[in-house]
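Please open the structure in your viewer and follow the selections below in order.

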Amino acid sequence: MRHTPLHDEHEPLGGKLVEFGGWHMPVQYGPILEEVRCVRERVGLFDLSHMGRFNLTGPDAVAFVDRVATCYCARIPLGAIRYGLLCRPTGNPIDDILVYRSEDEVFLVVNAGNADADREWLLAHADGFEVALEDQTEDLAMIALQGPLSEVSLARVTEDLDLSKLGYYRFSHGTVCGCPNVRVSRTGYTGEDGFEIYIPTGLAVDAWRSLLEAGQASGMAPIGLGARDTLRLEAGMPLYGHEIDAEHNPIEAGLKFGVSFLEEKGDWIGRAPLEALHAAPSRALVGLVTEGKRVPRQGYSLFDGEENVGTICSGAVSPTVGKNIATAYLPLHLAQTGQLVDMDLRGKRQACTVVDLPFYSRKRS
Amino acid sequence: MRPDDRHYLPSHEWVKTDGETVVFGITDFAVEELSHGNEDDLVYCDLPEPGRKLTQGETFGEIESVKAVADLNSPVAGEVVEVNKVIEDHLQVLAKDPWDKGWLIRVKPDDTSMSHLLNAEGYDASVGEADE
């Protein structure tokens, strides 16, 4: 199992470590539901150094991304970030990614468990493009601050960068915890305001400790992958291997916002089948809530009467909603707000109601 | 060492003889695996109705935490005669006291033999906590 530069920090903080995407990562430090509340109400600190990071340089970097990714890279303003996917020729994804656009480079953040496959896929499709890929995963630690008190916490250790001026899905560089020229983005995977920062590996431990100390006055706590999964599900954000995978396309997953069919983008891998799906989808990803105590889990079957109509993609106890929540694909005639379906638990049924996604969205000031 | 007045399955259930009947529960190890020390992380326990006949090793219920769900397996064969109603709504009782107040079901056993089960020492060893 691979270790992040912050690996040895987690156990002394109470972290319980598990295997995730080939890495030894903290799943929780305390009760998961309290960690969720900490991020919704205050601020949480996450070690995300397992996420894959690739830097693309060269004159064709942008054109290359426009060939392999679903988002329209040439149209991303400098200093901005967009969500996109790397798709197979079928239109079904290899991974979902964040694309950071700079003057002379494109920086990609990918899922830990897919990073090797992503790198191979990118290199296999780079023929004819003047582009170089540098894997920065081991060079940089990735740390997230998420929650309404993120800005005030991070500002305590940031110099020469005005965080209040950094817009959502924008990035810049500044001195963080004494480390100059750190990439700081206003992004996250929780549905809250927050930042993701990229610190050179050798300075990561000091920065992590400084951030925890700086956050103390704001009630900051370290947050594990368990709460992160609940937070992203509440916010209606997909997770590869759950809502999207080799069998589930981004269109029916509700991710059209990350897919560009503009003619100027040109042809890209997976475009034609996704355009066809966009014109005629057959199912849709929906949110489900259940009043019952049983927690929906990936793989549980859904029934409309005696007909098996779908399968749970993700499920969780949601402290924010106050109910158990899930996502699932349903045929379009059942993918209607208020529709009832039954979740099967070894022959016992528990009623679920279709609701709009996301389950939670923060009030923006 | 864990209580030696009862027997164990490697899947973390215990069974204790109490007169004509036996009582089933789960071990502190199982509770810890499910809840990581956070009693509120246990969310649901599905138990059988009195009158149900169980075979040895049969799954008679499930216990569920925020992040996991585990089968409950029957250490011996018999008929369910009583269910601990308290824990259905108060799983923290099970989290706090899995050995006594947090019992799951009471069973009238078909056979009083426990020789197929682990004793406390054997169970400790099976979870990697053997005495040195």
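A residue is called buried if 20 or more other C-beta atoms lie within 10 Å of its own, exposed if 12 or fewer do, and partly exposed in between, with C-beta atoms placed from the backbone. This is a predicted model, in which local features need pLDDT of at least 70 and side-chain atom pairs count only at pLDDT 80 or more, while totals for chains, interfaces and linings use all residues. Residues are numbered from 1 along each chain as its sequence is written, and chains are lettered from A and ligands numbered from 1 in the order in which they are written.

Select chain B. Of its 132 residues, 37% count as buried. The C-alpha trace of chain B spans about 40 × 35 × 20 Å along its principal axes. Chain B holds four helices and nine strands (DSSP runs numbered from the N terminus: helices are H or I with at least four residues, strands E with at least two).

Next, select strands E4, E6 and E7 of chain B. In that order they form an open, antiparallel sheet; two strands pair if DSSP finds at least two bridges between them. At the edges are E4 (42-46) and E7 (69-73) of chain B, each pairing on one side only. Four bridges join E4(B) to E6(B), residues 59-65. Which residue of E6(B) is the bridge partner of B:Leu42? The partner is B:Ser65.

Finally, show both chains. Here 12 residues of chain A are in contact with 10 residues of chain B, contact meaning that the C-beta atoms, placed from the backbone, lie within 7 Å.

Note on methods. Contact = placed C-beta atoms within 7 Å.
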